[in-house]
Amino acid sequence: MAVLSRVCDWKILKNHHGNIFRGFKTKSFSDIPGPRGFTAINRLIKGLFGGASDLDTLHLAGLKKFNRYGKIVRETPVPGVNVVWLFDPDDIATVLNDHGAGNYPERRSHLALEKYRNDRPQIYRSPGLLPTNGETWWKLRSQMQKNLSSPQTVRRFLTDVDEITRNFLNGLNLNRVRDDMLPELSRLNLEIIGFLAFDTHLDSFSEKERLPDSRSSRLIMAAEESNSCILPLDQSLQLFRLFETPLYKRFRKSQEYLEEVAVELMRNKASRKDERSSLIGEYLQNESLEIRDIVGMAADFLLAGIDTTSYTTSFLLYHLCRNPQVQDRLFEECCRVLPEVDSIIEENAFQSIPYARAVLKESLRLNPVSVGVGRILTTDTTLSGHRVPRGTIVVTQNLIACRLPLHFHQPEYFQPERWLKTTRSTTPHPHLVLPFGHGMRSCIARRLAEQNILLLMIRLVRKYKMEWKGRENLDFQTKLVNKPSSAIKIHLTERSRKQN
């Protein structure tokens, strides 16, 4: 058995790292293992016969590819388009630190959004930050990030977000919340976006706005619909460029509603003479930006800000419920920051919550917003011993890599302590956990999102003890952003108002 084990290990070694007798000679691009044929066409044919799409479970498809082909995988979705999947953090670092890209790292994403906005030049000057590349992207990014780039500028929103969060928590005793907290989290994040971006209270929690045809309900549905369409459209044969496919029609209608509301809220903000700060208000005063630039960013706030934060928070609460010892330790830290439930949270509080930050990072390790980061190589690059030509689309597989024993001890366990300097035994590779992307193409609202999630976690754990009542194992649905696969059912028990 020992000999058989060594033989099996040798075969695995050859499959994952190549035959060592080949030496260290760089191998060709065609030598990269992976599924043959045109995968987008195969997916289309499979769908015509009622087969399930692997786009709904990219994490399972990615793990299957890793187990079969190794740490670098090549596939061809359609003729002339090559995609390489990377599972090794050193390869990921090589791609993301590609200095040949300069200030303009490129990616291939949100192609349907690009078409939609290019077809409407009277409203948009460019497709916006998500699909655009090159100097056009950089000019827009450099202006849009000014109000979101530093912790100091983000903290100015703390008081307003805290007030909205406390109002949200005060309503959590309602029985309807316990069946699934995700819809409520979506309403919370919509309310926060409305106020921070547009200086508008959307009243998302009111009975009127809970009706299916209300503005809040339709905005939440439109954002979810858009996000669920983007990945299948990106990975398709691009027939929507020739005629309006049923999927693109769904996407267009959802975008039209996001656009309609964004323009309305923008106009309302521009017509008011108050001096209250908001993101769109500051963009309107920026002489380097056109109205058509700001409309795109306003719609992007609604498109990207609801689902990403709501899904991330859902997984975070799931892990806290399933790990009561973590919740208890976090409660102790929360009591130091908030001696009473209604204590005012100070700006410097975020500098004294190391365990809360570790809890969030561990949740993002196991349940990141997306499977990884996409790039288009700007130079010929050597990855895992293979010469990969410029122009190749590369997608990092951080979600899979973060769940491998190769990179983390007991990766399946939720252990925030692995991120604390006082308790961790090793330092993980810096290019493994990248939930907000990397470098200049990282999420523009990362700091604001982190602050809002931490604030909600601190307030929630300080006020309530949480117990998980949903399915035992919560999995992903990969709808561009990773969505919980089942309801977020949580039982809440109110804690003592004062620290014991």
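**Salt bridges, burial and pairing**

Mentor: Glu 282 and Arg 156 form a salt bridge, with their closest N and O atoms 2.7 Å apart. Glu 282 is in helix α13 (residues 279-284) and Arg 156 in the loop between α7 (151-155) and α8 (158-170), so the pair ties together parts that are 126 residues apart in sequence. This is a predicted model, in which local features need pLDDT of at least 70 and side-chain atom pairs count only at pLDDT 80 or more, while totals for chains, interfaces and linings use all residues. Residues are numbered from 1 along each chain as its sequence is written, and side-chain values use heavy atoms, with hydrogens and water left out.

Trainee: Why is the contact between Glu 282 and Arg 156 called a salt bridge?

Mentor: The term requires a side-chain nitrogen of Lys or Arg within 4 Å of a carboxyl oxygen of Asp or Glu. The N and O atoms of Arg 156 and Glu 282 are 2.7 Å apart, so the pair meets the definition. Side chains of opposite charge can pair when their charged atoms come close. A search of the whole structure finds 24 salt bridges.

Trainee: What makes Arg 156 partly exposed?

Mentor: Buried means under 20% relative accessible area, exposed means over 50%, and partly exposed is in between (1.4 Å probe, protein chains only). Arg 156 has 32%, so it counts as partly exposed.

Trainee: How do you know that Asp 300 forms a salt bridge with Arg 117?

Mentor: The closest N and O atoms of Asp 300 and Arg 117 are 2.9 Å apart, so the contact passes the distance test. This pair links distant parts of the chain, with Asp 300 in helix α14 and Arg 117 in helix α5 (residues 111-118), 183 residues apart. Asp 300 has a relative accessible area of 7% and therefore counts as buried. Arg 117 has 1%, so it is buried as well.

Trainee: Where do Glu 256 and Arg 252 lie?

Mentor: Both are in helix α12 (residues 246-271), 4 residues apart, which is about one turn of the helix. Glu 256 has 28% relative accessibility, so it is partly exposed. There is also a network of salt bridges linking Arg 125, Glu 290, Arg 292 and Asp 293.

Trainee: What makes α14 mostly covered?

Mentor: In α14, 12 of the 15 residues are buried, including Ile 294, Met 297 and Phe 301. Ile 306 lies in the loop between α14 and α15 (307-322). Ile 306 has 0% relative accessibility, so it is buried too. The C-alpha atoms of Ile 306 and Leu 185 are 8.6 Å apart, although 121 residues separate them along the chain.

Trainee: Why are β8 and β9 called paired?

Mentor: Two strands pair if DSSP finds at least two bridges between them. β8 (residues 476-479) and β9 (residues 481-484) are joined by 4 bridges and run antiparallel, so they qualify. Gln 477 has Lys 483 as its bridge partner in β9. The two strands form a hairpin with 1 residue between them, and Leu 480 in the turn has a positive phi of about 70°.

Trainee: Which way do β1 and β2 run, and how many bridges join them?

Mentor: β1 (residues 72-75) and β2 run antiparallel and are joined by 4 bridges. Ile 72 stands opposite Leu 86 in β2. β2 is also joined to β6 (residues 393-396) by 4 bridges, in parallel, with Val 83 opposite Ile 393. Val 83 and Trp 85 point one way from β2 (residues 83-86), Val 84 and Leu 86 the other way, and all are buried.
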